[in-house]
Amino acid sequence: MEGNAAPALDAATRAALQQLADIALPPPVSLLPHTIAWAVVAILLAAVAGWCLWRWERHYAANRYRREALAELSKIEARHAAPGGSGEAIAEVAALVKRTALAAWPRPDVAALSGAEWVAFLRRTGGSFADVAAAVLDDGEYRGQATPADAQAFAAAARGWIERHRVPA
C-alpha cells in the first residue's frame, strides 16, 4: 500500500457510514425575556441608570464654579511662585475665595462678611481653615509683608476650602 491510499472498506462499513446524519442542534436561544418580570426588571434598571446619570450631570454642573476656582488658584500660585510676590498672591487668593463663596451662597449671606466673621464662615462651611490663613484673613491689613511660607499656607488652606466646602441644599 502506498502512503496516500485509503484502506478499502467492506460493504457493512460503507452502509453504516452512509446512514450517518449531521448532529442535531437545538434552536437558538432567544435573548428576549420569557416572563414579564424580567422585562420589568430591565425597565427598572434602565430607569435607575438614567436617574443616576441625571444626578451625576446635575452634580457636575453645580460644581463648575469649584473647578474654575481651583484652576484660577493654580494660575495664581504659578504666577507668584517667584520670591517677592507673597503679598499680591495673598490678596488675589483672598479675592478668589470670596468670589467662590459668592458663587455658592446667596450674596446677602456672604458679601458683608469680613475679619473674624469671614474666618468663622469659612471654618463653618469648609472644615478646618489653617491658623496662618485665618490670621491673614482676620488681620491681614494690619500685618507687615507676608512671607512666602504664609502665602503657601494661605493658598493651601484656600485650596482645601474650595475643594471641601459644603453648601446647604
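Predicted model: local features only at pLDDT ≥ 70, side-chain atom pairs only at ≥ 80, totals over all residues.

Student: Is Ala 89 buried or exposed?

Tutor: For that we look at relative accessibility, where buried means under 20%. Ala 89 comes out at 11%, so it counts as buried.

Student: And which residues does Ala 89 contact, if I skip its neighbours within four places in sequence?

Tutor: Those are Ile 76 and His 80.

Student: What about Thr 100, where is that?

Tutor: Thr 100 is in H4 too, the helix that covers residues 86–104. Its relative accessible area is 3%, so Thr 100 is buried. Leaving out residues up to four places away in sequence, Thr 100 touches Tyr 65, Ala 69, Trp 161, Ile 162 and His 165.

Student: Now a whole helix. How do I read the faces of H6?

Tutor: First the general idea: an α-helix has 3.6 residues a turn, so residues three or four places apart point the same way. Now the case here. H6 spans residues 115–126, twelve in number, and reaches 17 Å from its first C-alpha to its last, close to the 16 Å expected. Its buried residues are Gly 115, Trp 118, Val 119, Phe 121, Leu 122, Thr 125 and Gly 126. They lie on the same side of H6, because they cover an arc of only 155° around the axis.

Student: Which residues are exposed on the other side of H6?

Tutor: Glu 117 and Arg 124. Just past the end of H6, look at Gly 127 as well, which has a positive phi of about 85°.

Student: Last one: how do I describe two helices packed together?

Tutor: You give the angle between their axes and the distance between the axes. Take H3 (residues 64–79) and H8 (residues 148–164): they pack at about 170°, with axes 9 Å apart. That angle makes H3 roughly antiparallel to H8.

Student: Which residues meet there?

Tutor: From H3 come Arg 66, Ala 69, Leu 70, Leu 73, Ser 74 and Glu 77; from H8 come Ala 155, Ala 158, Arg 159, Ile 162, Glu 163 and Arg 164. By type, the residues of this contact between H3 and H8 divide into six nonpolar, one polar and five charged.

Key
Residues numbered from 1 in each chain as written. Heavy atoms only, no water. Helix = DSSP H or I, 4+ residues; strand = E, 2+ residues; numbered from the N terminus. Buried < 20%, exposed > 50% of the residue type's maximum accessible area, 1.4 Å probe, protein only. Contact = heavy atoms within 4.5 Å. Expected span 1.5 Å × (residues − 1). Arc of directions from axis to C-beta. Axes fitted to C-alpha atoms, helices over the stretch in contact; angles between N-to-C directions. Parallel < 35°, antiparallel > 145°, perpendicular 65-115°, else oblique. Nonpolar A, V, L, I, M, F, W, Y, C, P; charged D, E, K, R; others polar.
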